[in-house]
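Please walk me through this structure, starting with its charged pairs and ending with one of its helices.

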Amino acid sequence: MDARQSKRRANTPVAVSPREAVHDPSTGHFRALTLFAESTSTVRAARDMVGGCLRDWGLGHVVDDARLVVSELVGNVVHHAMPDDCRTRPGAARRIDVFVKAWPGLLFIGVADEDSTPPDLPAGEFVSPELAGGFSEALLPDRGRGLFIVQRLADAVWWSPTEPGGKTVWCRFDLGATT
């Protein structure tokens with residue numbers, strides 16, 4: 001091989017299979033999806049995106065919990081979020097952004113909307129199971145059951161404001177050292 005052929009081979013990009021890069025947990029992963037609350041398939045699309053990317057990333061063991069969490073968070077936006085005046089004009093579609101971020105041992109799911117009103121995160125246990133006795137429905141509040149479920153499934157739940165208005169509700173799953 002002459003010097004010209006050697007130089008050409010050195011400058012040729014090496015093809016790397018996208019599947020190999022996707023499954024490298026040391027690099028972390030990120031996926032985002034923008035949806036609109038007025039679509040009848042909004043919750044299903046978010047749930048399917050989260051399930052698909054977690055399976056692609058080799059995190060199949062957390063798919064069921066993550067799909068339920070994203071269903072609850074997106075469903076809350078669809079049913080409760082009202083955009084701030086500074087983000088959406090009246091009658092316009094309400095935007096929802098879904099974020100999925102994975103690093104070794106951690107998974108983050110975020111759902112952003114255009115309503116600056118803080119979510120009503122449950123403070124903790126409402127009624128002691130011993131006090132509730134045979135009335136198990138007393139353990140669930142009248143409001144906030146979806147976020148209560150999210151708090152039970154995720155290892156942490158919080159929210160952050162976004163600029164120029166709106167918020168993102170985040171949850172974290174601790175995946176352990178096996179991922």
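Which residue forms a salt bridge with D113? K167 does, and the closest N and O atoms are 3.1 Å apart. A salt bridge here is a side-chain nitrogen of Lys or Arg within 4 Å of a carboxyl oxygen of Asp or Glu. The pair links distant parts of the chain. K167 sits in strand β5 (residues 167-174) and D113 in strand β3 (residues 106-113), 54 residues apart. Helices (H or I, at least four residues) and strands (E, at least two) are DSSP runs, numbered from the N terminus. K167 counts as buried at 6% relative accessibility, and D113 is buried at 6% as well. Buried means under 20% relative accessible area, exposed over 50%, and partly exposed in between (1.4 Å probe, protein chains only).

Some ground rules come next. This is a predicted model, where local features need pLDDT of at least 70, side-chain atom pairs count only at pLDDT 80 or more, and totals for chains, interfaces and linings use all residues. Residues are numbered from 1 along each chain as its sequence is written, and side-chain values use heavy atoms, with hydrogens and water left out.

The salt bridge count comes to six. Another of them joins the side chains of R94 and E38, at 2.8 Å from N to O. R94 lies in the loop between α4 (63-80) and β2 (95-103), and E38 in the loop between β1 (29-36) and α3 (42-56), so the pair ties together parts that are 56 residues apart in sequence. R94 is buried, with a relative accessible area of 16%. E38 is partly exposed at 46%. R95 also forms a salt bridge, with D97, and their closest N and O atoms are 2.9 Å apart. Here R95 is partly exposed at 36%, whereas D97 is buried at 11%.

Now the rings. The structure holds four aromatic pairs. Rings of Phe, Tyr and Trp (its six-membered ring) pair if their centres lie within 6.5 Å; planes under 30 degrees apart count as stacked, over 60 as edge-to-face and the rest as tilted. F30 and F99 form a stacked pair, 6.4 Å centre to centre with 25° between the planes. F30 lies in strand β1 and F99 in strand β2, so this pair ties together parts 69 residues apart in sequence. W103 and F108 pair edge-to-face, at 5.9 Å and 75°. W103 is partly exposed at 41%, while F108 is buried at 17%. Ring pairs also link F30, F99 and W170 into a cluster.

Next, the core. In soluble globular proteins, nonpolar side chains tend to be buried together. A nonpolar core is a set of buried Ala, Val, Leu, Ile, Met, Phe, Trp, Tyr and Cys residues joined through side-chain atoms within 4.5 Å. The largest one has 33 residues, of which V50, L54, V98, L107 and F173 touch the most other members. α3, α4, β2, β3, α6 (145-153) and β5 each supply at least two residues. α4 gives the most, with seven. Contact means heavy atoms within 4.5 Å. Beyond residues up to four places away in sequence, F173 touches partners including V62, A66, V69, L107 and I109.

Finally, helix α3. Its buried residues are T42, A46, M49, V50, G51, C53 and L54. What covers them includes β1, α4, β2 and β3. Just after α3, G58 takes a positive phi of about 75°.
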